[in-house]
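Open the model in your viewer and keep the selection panel at hand. The stops below say what to select next and what is there.

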2 protein chains.
Amino acid sequence: MIQIDYKDSRPIYEQIVEKFKNLILKGVLTTDEKLPSVRSLALELAINPNTIQKAYAQLERDGFIYTVKGRGNFVAEKEDLVMEKKEEILAELRQLLLMAKEVGIQKEELLALFQSLGEK
Amino acid sequence: MIQIDYKDSRPIYEQIVEKFKNLILKGVLTTDEKLPSVRSLALELAINPNTIQKAYAQLERDGFIYTVKGRGNFVAEKEDLVMEKKEEILAELRQLLLMAKEVGIQKEELLALFQSLGEK
DNA sequence: CATGTGTATTACTTATCCTAGTACACTTAG
DNA sequence: CTAAGTGTACTAGGATAAGTAATACACATG
């Protein structure tokens, strides 16, 4: 299901996070589906359970899965995922617009930027 | 002119960068004014010249100063500084707006955000 | 060409990150 | 209620990266 690439310089847990994100985004894993337990996956990949744990914790922070103690890890709703991403972007946008104002970027410049993107 | 705080956990070069940025933004150091040489400041602070060098390199990357080999480091024009900051913000904004589009944030939402900030 | 300037190379020390070992805590099936 | 499966916390070892220093090089100017 998941495979580690030791030629890849990125840490193992990061590779795992990415693979699961792909599986979820592509719909291979669907809402509320159970992920392999930390132990079973650790056994399968011949690595330490804590490394899987770290990957799962990351996936949870990013809103891709939810965890139930003693039961396992499950795929989160895609709706939630999108909403969360939206909120993130809007928050960043707010902050950036404030900075823009401080630096004296004119409203017209911003609106122009806006329009140019909308047209594509 | 500059002082190191050893209780501060941040690296020395970073403290120096910040102090000079403040001095420049507050106008204590004015355009084309010469900064202390790497050696003299290193001597004064009893640290290695390379650490000062690292700080100055950072300040140059950030557009706060410009360097002339064999002559020294000098305060950059404030105009340039602001322009650079502007470009940075606009670039980030462009990227963020693209992401917003990908996630399906509506034009109305963005415009509303714009307006709310403009009114303050 | 001597002195003051920035720069490059190298190495040492320290802090941070990744992974592992182990023990603990919760949930459910039987 | 206990056994087996689950996630979690704590600690420690090893590798990697970051900060600083020592030293030597290169450019500018009087």
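Begin with the surface near DNA strand C, where near means that a heavy atom of the residue lies within 4 Å of the strand. Select helix H1 (12–25) and helix H3 (49–61) in chain A, then helix H2 (38–45), helix H3 (49–61) and strand E2 (72–75) in chain B: each supplies at least two residues of this surface. Helices (H or I, at least four residues) and strands (E, at least two) are DSSP runs, numbered from the N terminus. H3(A) gives the largest share, three residues.

This is a predicted model, in which local features need pLDDT of at least 70 and side-chain atom pairs count only at pLDDT 80 or more, while totals for chains, interfaces and linings use all residues. Residues are numbered from 1 along each chain as its sequence is written, chains are lettered from A and ligands numbered from 1 in the order in which they are written, and side-chain values use heavy atoms, with hydrogens and water left out.

Next, show the residues around DNA strand C. Of the 24, those that come nearest are A:Ile12, A:Asn48, A:Asn50, B:Arg39 and B:Asn73. By class, the surface has five nonpolar, eleven polar and eight charged residues; Ala, Val, Leu, Ile, Met, Phe, Trp, Tyr, Cys and Pro count as nonpolar, Asp, Glu, Lys and Arg as charged, and the others, Gly among them, as polar.

Select A:Thr51, where a side-chain N or O atom is 3.1 Å from a phosphate oxygen of DNA strand C. For B:Ser37 the corresponding distance is 3.4 Å, and for A:Arg71 it is 3.5 Å.

Now select both protein chains. Chain A can be laid on chain B with an RMSD of 0.2 Å by a turn of 179° and a shift of 0.0 Å along the axis, superposing by least squares on the C-alpha atoms of residues with pLDDT of at least 70 in both. This is the relation of a two-fold axis. To find the axis from chain A, go to A:Leu93, whose C-alpha is the nearest to it at 3.7 Å.

Last, colour the contact between the chains (heavy atoms within 4.5 Å). It takes 27 residues from chain A and 27 residues from chain B. The copies meet through the same surface, because 100% of the interface residues of chain A are also interface residues in chain B.

Conventions: Polar contact = N/O pair within 3.5 Å; in protein donor to acceptor, adjacent residues only side chain to side chain.
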